[in-house]
Amino acid sequence: QVVAILAKARSAPDAASAQVLSAAMAVADAEMPKTEAPAEAAAAATAVPAGDAEKQVDEKAASADAEVEEEPVKELEADSPADSRARLAPAAALSDYDCTLDVFLSGADAFGCTIISALSHSGFQHLLSGVRATAGAKAGRYLFEVKALEKQAVDGSEPVLRVGFSLGGSSLLMGDGSIDYVCFDQDGSLLAPTPTERRRTIRKASRVPLAQKVVGVLLNLDAASPNANTVSVFLDGVRMGAPQPVPEHLLGKALFPTVTFKNCTVAANLGRDGMLLKSLPFSCRMFGDASAADMEPSRIVRPPAGKKYSVVVPVGLPQQGFFDYVDRFLEQNPGFEELSDRKFVDWCRKSGLRPQTWGAKPGAGASASRDRPLLRYGVQGIDNRSAKRMMRTVAQFSKRNFIVAELKSNLASKDRQETVKSFSAPHFEVVAKVAVGEPAPEHKEWVHKRIVTKHKERLQELERRKQAGVERAAKQKAKQEAIKAARLAKAGKLKATKKEDVKEEEEEDKAEDKAVEPATKKQKTEDGAEDEEGGAAAAIPEPEVGPDVWYVTQPNGLPDMADSILSASYKTFTLPSAEEGFARVDFEWRPKTEAEDHLNKWSVKRRAETVVESITPCDWFKEKRTAWTELLKDMRKKQSECKAQGKDTDDDKKLPEELADVSTMELHGSEDKTKAPIYAKFQREDWVLLSTRYELHLLAHAFVKDIADSMYLGVPLEHVQHYYKVYFKSSFSPKALACEDIKGVVELMEDTLRIVDSEHLRFVASKCELEEDIVRFVRAVEEDRRDRMRRIEAGDESARLKFPSAAEQKGSKKGQGKGKGEGKSGGKAIASRLAQSIAARKSVAKGGASKGGATAIRSVATAKPTWSRAPIPASGPGKSASSASWEPKRPAIDRSGPRPPAKGRPKGANSSAASALPWKATVSRTDRGNASKSHGKGQNAASKGKGAGWGSGGAGAPRSNFSKGGSKGGKAPKGGKAGRSW
């Protein structure tokens, strides 16, 4: 109804338009209280239906109106004097150009009223929308009005309405965490952030929620007024609160009327020719009737008539300043709108959406990048990117300037052509801008300034956190002192005479004081370092800003493009050309020839750094590997048979020069078994060398066959271990051969392997032919073995090979050591969440087992346990009694003496590895069984820690029960330095 009435008003004279508009507002007033939320908005049981909520707001507004009438705010504003100065032309109005892309405006009427709406489905119901005026005030006193025509919750997302002022070119979404605005929220609070208080909010700046009334927002920048540099809010022409000061950092700058909303249809009136929807107690100029001297036009304006709108397609390389170029372009060209995934994520963040971390698949974050960030907000339309695709569709029909900041798509010719086709409307001109190579000096200077600025901001943030921590500590200290003073006063009144009572009270006071001390929280700073709350973070080093610094690094380490995506697509990267449909191609940093040469060099270098994820072993390799596995098994078997028959004993008595020539020896020896095989004297190290030689030979040839690229002369040196795992399904470590790296392995096997250098790459290649006989590798290992033996006999111990065993390699990572616990430390056992909460003040188990023995206490809390103090009897060879321990009174089954058979033991009881150790247990009363175990002396500890004791929670335990301490132990196969076991 309202829209239909306003449509008629456009063709009516100005006076008639005013009357029609008043009628439209009356219709809206009559209809709004009847509006009810759709059925899907009432899905949450605790949610209030939109119709009821609006009715409650109306009731509150009516009650507050009564209060205002009883205690009105003293009005200090005076009537606006006559002003003969020239008016701003064209008059200020809401801009359909300076607004979020989902906003639609009905064109302004003769009196300056505009109806604003936005998309509210497919995920947009969760996103804020914003629109700003074409001009802002830097002096004088001016008013604009807003009225919500429709408000309804959509899919549980409540409506939002904020009206106020913002700086030109700043964020359109007031309340997003920035500081370039001041506005009234729909609940009547004033959002007025400052550089030091980014969330500064003044509650009840309007004593009445904005509701469905005409909201008038007054900006007073008149220095001669008693309310200079303030903002005020009026509902239906009645002042709803005292004038609120404009934040100091906004003074002296032009402030533009701005509306931020969600799930609303709003009518806004800037008052062209002074038209008012609701009169104020004093006469006031409107923004649409402002003097040109008091106003500043927006820099974000449409191109001149007849000029086409530009669609810029920037082309750059990952980690070489692509997004810095985009940021600088937008800074220099504020009239452009960015279309990209990162811009959409920023929109979600400013709208209050936070990504969900629960339920994420392991490794899912590895595919995240600045070019294509993960969308995981729990909103289907956003997570599946349908909202982003809709925005791309809306952009194709909009008359705006765009910059398509898609890194990967802009590097691929096919995707660039699709972009050109999508903006084929006659009012668009698609231009490619190539930012490849070393940038110009002015761009480097811009980057350096930005790096320094970000560094200063981080330091200021850390200082702010430190100051906030000091203030919190001071408040906490004052609170503790007050509590202590109250306790002392209470103690003075009681006049306790018994020393034991006084001592017990003092101990309890200390425990309570410790409980109320604030725990130091660790927070993540922007650079990813952990910082204790209330204390200074580690010193951040000064950033380097030399001539080789081209781009701003990200503190969170997020790459421009994910490695998996880059590895699969970098071969398709090319530079744009006019044949792809571009109106022109501009080379911003380097001429075309230099840019192409830079791209070629980058591609070659990238091959050295990129792992080819799609490579799979060929059939030739599978056949060779199968044959090698069978042959190796056969050789090991024949060697065992020779040793069992004593065929190799004669060689032990011969000098090295008396041994048979390796080149004349048969692989498996003579058929009559009079001559031993070549490998008869092989030790473990020789078999390792043989396997590694032949497997790396196979890998080098198979990789070249499978990659099918003439540039690859072997396996890239940096990725030998990765491709070994791909081909052989097992890990390979140079440390297994007592080498530091792959280069050391190649030097050790210089008769088989070699390193080939290319322009940007280094490869590991085989010196042997593709179909080389395996006998050649076996003979090479035997020759090396004989050479080592000669050197060792001559006294050269450096020739002796010392390859670590598999267990030693595993131990080198996790630590080695034997259990040395003597059982003198106490054990702790926490059986359930309830026991954990009780143990916060009183230790569940103090004291412990005696030397050489193991006494395991299993305490399981019931629903409402009662605790009793009782000493645990001594057990084990040492027979030393423990200190007091806490156990549930009921139900407990105590055992002493020899351990009963396992079949007769109660469920949940402890078990001991020693067959005749004293033991004690309590029955589990939890829903699912829990168990605790402790090994006796001489047993191997199945844990990292020193000491043989170990404990674990049974299936279904709320949390794994923690137990530390044990008896005199044996070996700890998994080793470790931690003095505890789990």
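## Close-up views of a predicted model

**View 1. Helix H4 is tucked inside.** Eight of the 11 residues in helix H4 (residues 322-332) are buried, so the helix is largely enclosed by the rest of the structure. The buried residues of H4 are Phe322, Phe323, Asp324, Tyr325, Val326, Asp327, Arg328 and Phe329. As background, an α-helix has 3.6 residues a turn, so residues three or four places apart point the same way.

**View 2. The whole chain, for orientation.** Step back for a moment, and the protein chain shows 21 helices and 34 strands. Of its 982 residues, 45% are buried. Take the contacts with a separation of 6 or more: 72% of them join residues 24 or more positions apart. The accessible surface of the chain comes to about 51600 Å², and carbon and sulfur atoms hold 51% of that.

**View 3. Strand E11 is covered on both faces.** Seven of the seven residues in strand E11 (residues 215-221) are buried. On one side you'll find Val215, Val217, Leu219 and Leu221, while Gly216, Leu218 and Asn220 sit on the other, all of them buried.

**View 4. The partners of E11.** Which strands does E11 pair with in this view? One is strand E6 (residues 140-151), joined to E11 in the antiparallel sense over seven bridges. Look for Leu143, which stands opposite Leu218 in E11. Another is strand E12 (residues 230-235), also antiparallel to E11, over six bridges. Here Val217 stands opposite Val233 in E12.

**View 5. An open sheet of five parallel strands.** Reading across the sheet, the strand order is E20-E21-E19-E22-E25, and the pairing is parallel. Strand E20 (336-339) and strand E25 (584-587) are the edge strands, each pairing on one side only. From one strand to the next, the twist averages 25°. Zoom in on strand E19 (residues 309-315) and strand E21 (residues 401-404), and you'll see two bridges holding to the parallel sense. Val311 has Phe402 in E21 as its bridge partner.

View 6. Generally speaking, nonpolar side chains in soluble globular proteins tend to be buried together. In this model the largest nonpolar core has 81 residues, and Met635, Leu690, Leu699 and Val778 touch the most other members. Helix H16 (residues 684-707) gives the most to this core, with 10 residues. Apart from it lies another core of 45 residues, including Ala135, Tyr142, Leu167 and Cys264.

**View 7. The surroundings of Met635.** What does Met635 touch, leaving aside its neighbours within four places in sequence? Its contacts are Trp628, Leu667, His668, Tyr679, Trp687, Leu690 and Val778.

**View 8. Gln125, a loop residue.** Gln125 is found in the loop between strand E3 (113-118) and strand E4 (129-133). Is Gln125 buried or exposed? Its relative accessibility is 5%, and buried means under 20%, so Gln125 counts as buried. The Gln125 side chain reaches the backbone nitrogen of Gly123 at 3.0 Å. Not counting residues up to four places away in sequence, Gln125 touches Ser120, Val154, Asp155, Ser157, Lys262 and Asn263.

Technical notes
Residues are numbered from 1 along each chain as its sequence is written. This is a predicted model: local features need pLDDT of at least 70, side-chain atom pairs count only at pLDDT 80 or more; totals for chains, interfaces and linings use all residues. Side-chain values use heavy atoms; hydrogens and water are left out. Helices (H or I, at least four residues) and strands (E, at least two) are DSSP runs, numbered from the N terminus. Buried means under 20% relative accessible area, exposed over 50%, partly exposed in between (1.4 Å probe, protein chains only). A polar contact is a pair of N or O atoms within 3.5 Å; within protein, one must be able to donate a hydrogen and the other to accept it, and residues adjacent in sequence count only if both atoms are side-chain atoms. Contact means heavy atoms within 4.5 Å. Two strands pair if DSSP finds at least two bridges between them. Axes are lines fitted to C-alpha atoms, for helices over the stretch in contact, and angles run from 0 to 180 degrees between N-to-C directions. A nonpolar core is a set of buried Ala, Val, Leu, Ile, Met, Phe, Trp, Tyr and Cys residues joined through side-chain atoms within 4.5 Å. Accessible areas come from the Shrake-Rupley method with a 1.4 Å probe; for residues, only the protein chains shown count as cover.
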